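Dear colleague,

Please read them with the sequence and the model open beside you.

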Amino acid sequence: MPEVGSSRAEIHRARTLRTLAKKKDEWLENVRANAPHVAADISRLWKEGDYGEGISAAAGPSLETDLMDLRLMRLGRELAVVDAGLKFLLDQGLEPDYVVSTDSSERVAQMLDVGPCRAKLILNVIAHPKVREVWKGEIFWWVMASNVLDLDEGAMMQDLHSAASRIGGKLVPGGNVSSAAFGFMASVRNVQKLHLFGHDFCWKGRMYPQGAGMEDMEAARMKEEGEAGTIFEVQNTRGEKVFTNLSLQRYAEWHEEAIAAIASRVVNHTTSTTLKT
């Protein structure tokens, strides 16, 4: 239960610090387990010139509603999707060019257990080893530029992960996987027009598109966020009442800042979102 008198921001900060303290050793252990299997990092995918347009698809519930627009936009454009949205797109006959994954949870392996796939997996070195074991395609690894000091190790986490994995390719995400996909397409692929889909940061009934196979994770998140007292009502861009939580709100703020920095290069096609840009 949330502490009496605690603001949502205080709750979010406390949870973030607890996560870092709890997960840092697990992350480094995963990096060391993955290291012998790291053959290529995202630096091999860097492009320096104007390479047209691309799409970054998150796994918000509007991805289902906006599917027809995504199909039309897909023609002639590179498509990156977050791990939680992969099965939904494949079921709809849309195979992406890239799948971006950043979490260390073993559950990610279930999201990516799809058999042979031509998409390139853009995988954080902290990923659970089972993820690389189930993926039947190319993997390009990256290190999260977190700018967090590990006091026990006396070094920055990103430096520890880079040294252990022996790669230098980094992304600067805003705390969630859609921010990593955004950064990958805007920087590594250097698309000059980035089209966003599924960037809801809110929900009405479901947190993910129907058929995404995320029911168990959705139930767990609902329970965790409900007990933490971080679920609340807001309005989406349609003026409708929707639900969000403090984590999603913070992620949305990161995306708003990132979009503002390259406003002429980003078009948000998400029809139900809390993004103000």
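Is Arg 250 buried, partly exposed or exposed? Arg 250 is partly exposed, with a relative accessible area of 26%, where buried means under 20% relative accessible area, exposed means over 50%, and partly exposed lies in between (1.4 Å probe, protein chains only).

Before going further, please note that this is a predicted model, in which local features need pLDDT of at least 70 and side-chain atom pairs count only at pLDDT 80 or more, while totals for chains, interfaces and linings use all residues. Residues are numbered from 1 along each chain as its sequence is written, and side-chain values use heavy atoms, with hydrogens and water left out.

Arg 250 forms a salt bridge with Glu 253, at 3.6 Å from N to O, and a salt bridge here is a side-chain nitrogen of Lys or Arg within 4 Å of a carboxyl oxygen of Asp or Glu. Both residues belong to helix α10 (residues 246–261) and are 3 residues apart, about one turn of the helix; helices (H or I, at least four residues) and strands (E, at least two) are DSSP runs, numbered from the N terminus. Glu 253 is also partly exposed, at 35% relative accessibility.

The structure holds 11 salt bridges, and two further pairs link distant parts of the chain. In one of them, the side chains of Glu 64 and Arg 206 meet at 2.8 Å, N to O, with Glu 64 in helix α2 (residues 62–65) and Arg 206 in the loop between β9 (193–197) and α9 (215–228), 142 residues apart. Glu 64 is partly exposed at 29% relative accessibility, and Arg 206 is partly exposed with a relative accessible area of 35%.

In the other, Arg 189 and Glu 78 meet at 2.9 Å, N to O, and this pair spans 111 residues, from the loop between α8 (177–188) and β9, which holds Arg 189, to strand β2 (residues 78–82), which holds Glu 78. Arg 189 is buried, with a relative accessible area of 6%, whereas Glu 78 is partly exposed at 23%. Separately, Lys 204, Arg 238 and Glu 240 are linked in a network of salt bridges.

As for the cysteines, a search of the whole structure finds 0 disulfides, a disulfide being a pair of cysteine sulfur atoms within 2.5 Å. Cys 117 is buried, with a relative accessible area of 9%, and Cys 202 is buried as well, at 4%.
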